[in-house]
Amino acid sequence: MDFKDVLDHRRATRKFSSQQVNDKVLTQIIEDAQRAPSLLNSQPWRVYVAQGEVVDKIRKEFQDLVEAGEPSREDFSKLLKVEWDVFPSKNMSSMSDNLSFFLRGEMDQFQDAQEWLYDAHTFIYMTIPKKSPAWSLFDLGAFSQTLMLSAANHGLATMPSHQIVKYPDVIRKYLPISEDEAIGMAIGIGYPDKRASINSYHSKRLPVDSILKITK
């Protein structure tokens, strides 16, 4: 696939179909992601894949906790307790307004998608050691983006989401992730439900001249 096509294909998918992901393709995608750069070639990431009954159990326990009003307790919670600068705050507000307009009073689709963890049948959890420099967060982001671009190149859809890592204690019940590792990212992966209108929403990007300054 042409790289521009890969970029265009990489969209947040908020509702997946029941079609399963081939394990060989999944392994190839992870191998591609390993090509991502990292500080001093530290390669701090580890990858854990949940499928089938494990996903069903995680989804059910997450739903029960949300309904019980349990707050999020993700391993990266301290990073979320920040005051956003004006620039990203405006971008987030714009997305919220655009999404509300796009769904035209059907925002429950968005909430349901989050509650059901996007109906994904495969979750990819990525960790870094808790004893990591801040730069490892950049490395994990590079790994994640490379993974999603490779998935797009293989015709698969992805959904990186905070919702999937809200309760790390539940995740550790079903996956062999040690307490020494921080569950930093999770991506739902699979094939999009083509009947779901919420998948037609594409967030906009700012004009490049609003973020780019070239000095000579």
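A cavity is a set of grid points where a 1.4 Å probe fits but cannot get out. The model explored here is predicted.

**Exercise 1. Find how many cavities of 30 Å³ or more there are, and describe the largest cavity.**

Step 1. Start with the count. There are 2 cavities of 30 Å³ or more.

Step 2. Take the volume. The largest cavity has about 40 Å³.

Step 3. List the lining. Around the largest cavity stand Phe62, Val66, Gln114, Glu115, Leu117, Gln163 and Lys166. Two elements give two or more residues to this lining: helix 3 (52-67) and helix 6 (108-115).

Step 4. Sort the lining by class. The largest cavity has 3 nonpolar, 2 polar and 2 charged lining residues.

**Exercise 2. State which residues line the second largest cavity, and sort them by class.**

Step 1. Give the volume. The second largest cavity holds about 30 Å³ of space.

Step 2. Name the lining. Phe16, Ser17, Gln19, Gln20 and Val21 belong to it, along with His121, Thr122, Ile189, Gly190 and Tyr191.

Step 3. Sort by class. The lining of the second largest cavity has 4 nonpolar and 6 polar residues, and no charged ones.

**Exercise 3. Describe the second largest pocket: its volume, its centre and its lining.**

Step 1. Give the volume. The second largest pocket contains about 330 Å³ of space.

Step 2. Look at the lining. 20 residues line the second largest pocket. Nearest its centre lie His9, Thr13, Ala157, Pro192 and Asn199. Helix 1 (3-9) and strand 3 (157-160) are the elements that give two or more residues to the lining.

Step 3. Sort by class. Of the residues lining the second largest pocket, 6 are nonpolar, 9 are polar and 5 are charged.

**Exercise 4. Work out how helix 2 and helix 7 are placed against each other.**

Step 1. Know what to look for. Two packed helices are described by the angle and the distance between their axes.

Step 2. Read both values. The axes of helix 2 (residues 23-33) and helix 7 (residues 135-153) come within 8 Å and cross at roughly 140°.

Step 3. Name the arrangement. Angles over 145 degrees count as roughly antiparallel, and 65 to 115 as roughly perpendicular. Helix 2 and helix 7 are therefore oblique to each other.

Step 4. The crossing of helix 2 and helix 7 is right-handed.

Step 5. Find the contact. Helix 2 brings Ile29, Ile30, Asp32 and Ala33. Helix 7 meets them with Phe143, Thr146, Leu147, Ser150 and Ala151. This contact has 6 nonpolar, 2 polar and 1 charged residues.

Key
Residues are numbered from 1 along each chain as its sequence is written. This is a predicted model: local features need pLDDT of at least 70, side-chain atom pairs count only at pLDDT 80 or more; totals for chains, interfaces and linings use all residues. Side-chain values use heavy atoms; hydrogens and water are left out. Axes are lines fitted to C-alpha atoms, for helices over the stretch in contact, and angles run from 0 to 180 degrees between N-to-C directions. Helices (H or I, at least four residues) and strands (E, at least two) are DSSP runs, numbered from the N terminus. Angles under 35 degrees count as roughly parallel, over 145 as roughly antiparallel, 65 to 115 as roughly perpendicular and the rest as oblique. A crossing is left-handed if the near helix is turned anticlockwise from the far one by less than a right angle, and right-handed if clockwise. Contact means heavy atoms within 4.5 Å. Ala, Val, Leu, Ile, Met, Phe, Trp, Tyr, Cys and Pro count as nonpolar, Asp, Glu, Lys and Arg as charged, and the others, Gly among them, as polar. On a 1 Å grid over the protein atoms alone, a cavity is a set of points where a 1.4 Å probe fits but cannot get out, and a pocket is an open set with protein on both sides within 12 Å along at least five of seven lines; lining residues have an atom within 4 Å of a point. Grid points are joined across faces, edges and corners, and a volume is the space filled by probe spheres set on the points.
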